[in-house]
Each structure stands twice: as structure tokens, then as C-alpha cells.
Amino acid sequence: NPSYLFAKLGYAELCIVHNELDKVVDIFDSKLDLALLYPDRNVFHISEVSSFFSLLALYFLAKGDIELARQYYNILVQIAPEERATQIVAHKFLFHLLD
């Protein structure tokens, strides 16, 4: 289902893993904001927001934009510190700093 957020996130994650970063923006029609991506929705579940923000943090980390990745991570820590998505980004940041 091309409009299903979690399908898009899964595909985008695969693109990041395979270093096909240019495809990530295309998957979201250049709309890296949930409100723009789904203009007819006003409410999003925390799992949608945390998964989307963690994907963006990982995307910008892979692109080398550490500051933007850190901004998304900081939001994750504020809104969903215990979510698995937040922990994954924290681990990737640690791995990136040690690399």
C-alpha cells in the first residue's frame, strides 16, 4: 500500500541500509513532514511520529548532516524516550561517533 506510512518507512530504511539515499526523499514525495505527507490528518499515533522522526534522524546521519540528525534525535528523546525507535537512533549515533 503506497500510502501506508509504515510501508514507506520500511522501504526508506532499506534504502538507507543499501546507501540509496536519493530514493528516501522520493519515497516521501519530498515531504519530510507528516502534516505535509498526510494533509487530511490532524492526529498521529506516537509510534508513527517516533518511527518517522527516527527514520529522518538515520537518513540525515547517513547523509553526514549530523546537526539535523541530532535535532530529530533530540525531539525523539523529548516525546518518546522509551520507544525502540529512539534507542535505535541513540545506538547509531554512538556507533557513528566511534567510527
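**Surface patch, pockets and salt bridges**

On the surface, Ile46, Ile75 and Ile79 make up a nonpolar patch whose accessible area together is about 200 Å². This is a predicted model, in which local features need pLDDT of at least 70 and side-chain atom pairs count only at pLDDT 80 or more, while totals for chains, interfaces and linings use all residues. Residues are numbered from 1 along each chain as its sequence is written, and side-chain values use heavy atoms, with hydrogens and water left out.

A patch takes in residues with over 30% relative accessible area and no salt bridge, joining like charges within 9 Å and nonpolar side chains (Val, Leu, Ile, Met, Phe, Trp, Tyr) within 5 Å. The areas come from the Shrake-Rupley method with a 1.4 Å probe, and for residues only the protein chains shown count as cover. Ile75 has its place in helix H5, residues 66–79; helices here are DSSP runs (H or I, at least four residues), numbered from the N terminus. The relative accessible area of Ile75 is 32%, so Ile75 is partly exposed. Under this scheme buried means under 20%, exposed means over 50%, and partly exposed lies in between (1.4 Å probe, protein chains only).

The pockets come next. Rolling a probe the size of a water molecule over the atoms shows where empty space is left. On a 1 Å grid over the protein atoms alone, a pocket is an open set of points where a 1.4 Å probe fits, with protein on both sides within 12 Å along at least five of seven lines; lining residues have an atom within 4 Å of a point. Points are joined across faces, edges and corners, and the volume is the space filled by probe spheres set on them.

The largest pocket holds about 280 Å³ of space. It is lined by 10 residues, of which Ile16, Leu58, Leu61, Ala62 and Lys92 are the closest to its centre. Helix H1 (5–17), helix H4 (46–63) and helix H6 (84–98) each give two or more residues to this lining. Sorted by class, the lining has 6 nonpolar, 1 polar and 3 charged residues. Here Ala, Val, Leu, Ile, Met, Phe, Trp, Tyr, Cys and Pro count as nonpolar, Asp, Glu, Lys and Arg as charged, and the others, Gly among them, as polar.

In the second largest pocket there is about 230 Å³ of space. Its lining has 14 residues, and Glu13, Ser51, Ser54, Ala85 and Ile88 are the closest to the centre. H1, H4 and H6 each supply at least two residues of this lining, with the largest share, 6 residues, coming from H4. By class there are 6 nonpolar, 5 polar and 3 charged residues.

Two loop residues have positive phi values. Asn19, in the loop between H1 and helix H2 (21–27), has a phi near 55° without being a glycine. Asn19 counts as exposed because its relative accessibility is 60%. Ser30, in the loop between H2 and helix H3 (34–37), is likewise not a glycine, and its phi is about 60°. With a relative accessible area of 53%, Ser30 is exposed.

The model contains 2 salt bridges, each a side-chain nitrogen of Lys or Arg within 4 Å of a carboxyl oxygen of Asp or Glu. One joins Lys23 and Glu20 at 3.4 Å, N to O. Lys23 is partly exposed at 36%, and Glu20 is partly exposed at 34%. Another joins Glu48 and Arg41 at 2.8 Å, N to O. Glu48 is buried at 12%, whereas Arg41 is partly exposed at 29%.
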